[in-house]
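Can we walk through a structure together, one feature at a time? I'd like to learn how to read it.

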Amino acid sequence: MGKVEGKTSVPGVAAVPLGGAAARASRRRLLDRESFLGPVMILPAVLYVLALVGVPFGLSLYLAVSDAKIASTGLGHFVGLANFTSVLRSPTFLRALANTFVFTLVSQVLVLVLAKILATCLTKRFYGKSIVRFLILLPWVAPISLGTIGWKWMLDSLYSPVNWVLQALHIIPASSWPMWFGVRELAMASVIGVHVWRLLPFATVIILAGLTSIPKEVEEASAVDGAGFWSREFHIVLPLLRPILTVAGLFGIIFAFTDMTVIYVLTRGGPADGTQVLSSLAFFTGILGGDLAGGAAISLFLFPMLLIVAVVMLRIARRAEVA
Amino acid sequence: MGSSQLSRRTFLKGAGVAATVAAGPTVFVRASRAQGKTLKIAQWTHFVPAFDDWFDKKFTKEWGEKNGVHVTVDHISVNDLRARAAAEVGARKGHDLFGFLDPPPAYEDQVLSMNDVVSELEKKFGKPINLVQRATYNPRTKNYFALSDNWVPDPLHYRIDWWGEVGVKPDTWDHVREGARKIKEKLGHPAGFGISQELDTNMMLRGLLWGFGAHEQDESSTKVTINSKGTVDAIKLMTAIYKESMTNEVFTWDPSGNNRFFVSGKGSIIQNAISAIRTAEKQNPELAKKMGLAPPAAGPKTRMGSEHLLHCYVVWKFAENPDLAKKFIMDLVASYNDAFLASEFYNFPSFPKSVTDLRGKLAADKFNPQAYLILADAEKWSAYPGYPGHTTAAIDEVFNTFVIPNMFARVAKGEQSAEDSAKQAEAEMQRIFAKWGK
């Protein structure tokens, strides 16, 4: 906007005198222009992302190559890749790296399979469907820490109701009392199970949206052609759902890869680091242990995987946009 | 088009008004709060609730009235203390007094020196006990980075009836192994020494190591000494106790795990602060009568246990009322006769002369004087993380990343030999020591 003595010139708009009413009219026009209002409205989101994602990420990049400690007065000194070589020498780190992949991949396979089954059920009409839908959504809307503390008691070593039920149903013998967090395999199964319980509603809702978007004619045509349930699932529904399954899977991978609440509350990485993952190890090292730089270096090992996932997601989003 | 223009403007104006209205109360509250001084304290939620009652409702109230200060106390669960401290340091804002449950040398750069407080208290009550001095003093900077008002002994809790039945007293670690095995075989009750990634395990296993003449570091606090014959022998003994008389439960515990195990009436022996037996006295007095306390079991070299907790206050450099905070600590230490009784003997005084006739008070316990009397000598058999050196920032990281519990757990789980596990712990500790320098 160029300013001329006593007048305001707007490109493409005739100059008007600057009286009170004229100024108000000018401001009004400014707020009505998409080219002005668009960036202004998006600015808070951009600032939000920069402040809460960009700055911390930049800071963690710097911390990872510094010697910063939890109570350092400054940002520490530059030490190059020393923190990375140090963590790579740690067997605990290598175990956490392997555990992270196991935790993420197994939980995501389970989430997608179970979410597909649930979503398929929810497309059918049955009595009490709204209550079932509410119950399925509950784990997602409840605070994750509260839900996980609930599971901690459900799987408690002394008073586990899960064990009581299993015994009552004769699934396990009366003499048996599984220590869910005391055996490496059971502990990993427990944290994966709770994580699946937590993520299932999200994936179900996404897949349900995908299922409802499949045209009824396609299913009807396949039925006319004599396709059975499995044939229809594998040759029609799943191929059509592939983009949305990919999105659900990629979101799930990000949630699983970066989550530490479930593990921190249930096992604190035990037994003997059996469920330690990169995010929990970064927390123990950086926050509880005081080695901020070491913790930042550990957490940055998450970055390559997350970058790949982000790139794939953006490409899917772009393809959808083009379509 | 006209209506859309109007709604946009209305929305923007409305948003502005809403933001102003929302900000209003905040501004008002801040202004009203600024009128009087408030001392803000953060500390753990005590395992003996009666202590928090005394501290929150009596001591801080009376102290606040006497000094014209409003005192607020935020209780934080034991597992969240460190994360909260890190958040306060990160934000450079928080409480005036922050109570840790183990010495926090890693925070030395962010806390005020307590040398003046210690020297004032020494004039009144004499020196603090040795373990407190070694754990909260940095000889390199000649600085008390924290002020400990109390520490907590870590005796054995055992079932007098069952141990009597098998005719063994848990006096040495060999006795513990023998008695625990016999009780498991004869009565079916397991022993409960935690091998988990948590505070109590960290403490108990250090005591076991010292009993075998093994240490994390040397006296100068610069050399890692964990890979020793003593360590290997200690690991082998704990593995044997696990295999003969414990269950996988010991890998699952958090700091309250062994308490619940023992108070449930299931366990034959644990090593813990007296909160376990105190809980039983309240919840199941008949069971409590069958419980006894004993000093930590002796190893082949010595009888030693770790302090269970070492409560120490720091005053952040960014605290708003540092002088008030220091005065509060001095007055708290001066009131330790009351604090000791309010904690039901859980909090032992860091300045021993701040409690008069401690032995007499223990002997006068209304529930089980004989049991508690053994605590009178607790200082003699108690040490601290980093013993025989000082508690340094490197030891702090070793402690909080559970290097020692995992060293024992790998062998008990059959994943490694005792020798290999000690070697791995040594490498891990050397890596940590290298990061923190000397």
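This is a predicted model: local features need pLDDT of at least 70, side-chain atom pairs count only at pLDDT 80 or more; totals for chains, interfaces and linings use all residues.

Q: Let's take chain A. How many helices and strands does it have?
A: Helices (H or I, at least four residues) and strands (E, at least two) are DSSP runs, numbered from the N terminus. Chain A comes to 14 helices and 3 strands.

Q: Why is chain A said to be more spread out than a compact globule?
A: You compare its radius of gyration, taken over C-alpha atoms, with a globule rule: 2.2 Å times the number of residues to the power 0.38. For the 323 residues of chain A the rule gives 20 Å, but the radius of gyration is 27 Å, well over that, so the chain is more spread out than a compact globule. Its C-alpha atoms fill a box of roughly 95 × 70 × 35 Å along the principal axes.

Q: What share of chain A is buried?
A: A residue is buried if 20 or more other C-beta atoms (placed from the backbone) lie within 10 Å of its own, exposed if 12 or fewer, and partly exposed in between. In chain A, buried residues make up 32% of the 323.

Q: How far apart in space are B:Lys380 and B:Met304?
A: They are 76 residues apart in sequence, and their C-alpha atoms are 8.2 Å apart. Now try another pair: B:Lys123 and B:Gly94 are 29 residues apart along the chain, with 31 Å between their C-alpha atoms.

Q: Where do the two chains touch?
A: Two residues are in contact if their C-beta atoms, placed from the backbone, lie within 7 Å. Here 38 residues of chain B are in contact with 33 residues of chain A. On the chain B side, the elements that give two or more residues include α1 (2-33), α3 (81-91) and α19 (418-436). By class, that side has 10 nonpolar, 12 polar and 16 charged residues. Here Ala, Val, Leu, Ile, Met, Phe, Trp, Tyr, Cys and Pro count as nonpolar, Asp, Glu, Lys and Arg as charged, and the others, Gly among them, as polar.

Q: On to sheets. What is the strand order in the 6-strand sheet of chain B?
A: Two strands pair if DSSP finds at least two bridges between them. This open sheet runs β2-β1-β3-β11-β6-β12, with mixed pairing. The edge strands are β2 (70-76) and β12 (348-349) of chain B, each pairing on one side only.

Q: Which way do the side chains of a strand point?
A: In a regular strand the side chains alternate between the two faces of the sheet. In β3 (residues 97-100) of chain B, B:Leu97 and B:Gly99 point one way and B:Phe98 and B:Phe100 the other, and all are buried.

Q: Which strands stand at the edges of the 3-strand sheet in chain B?
A: The order in this open, antiparallel sheet is β8-β7-β9. β8 (269-271) and β9 (291-294) of chain B each have a single partner strand, so one side of each is left without a neighbour in the sheet. Strand β7 (residues 156-159) of chain B pairs with β8(B) over 3 bridges, and B:Tyr158 has B:Ile269 as its bridge partner there.

Conventions. Residues are numbered from 1 along each chain as its sequence is written. Chains are lettered from A and ligands numbered from 1 in the order in which they are written.
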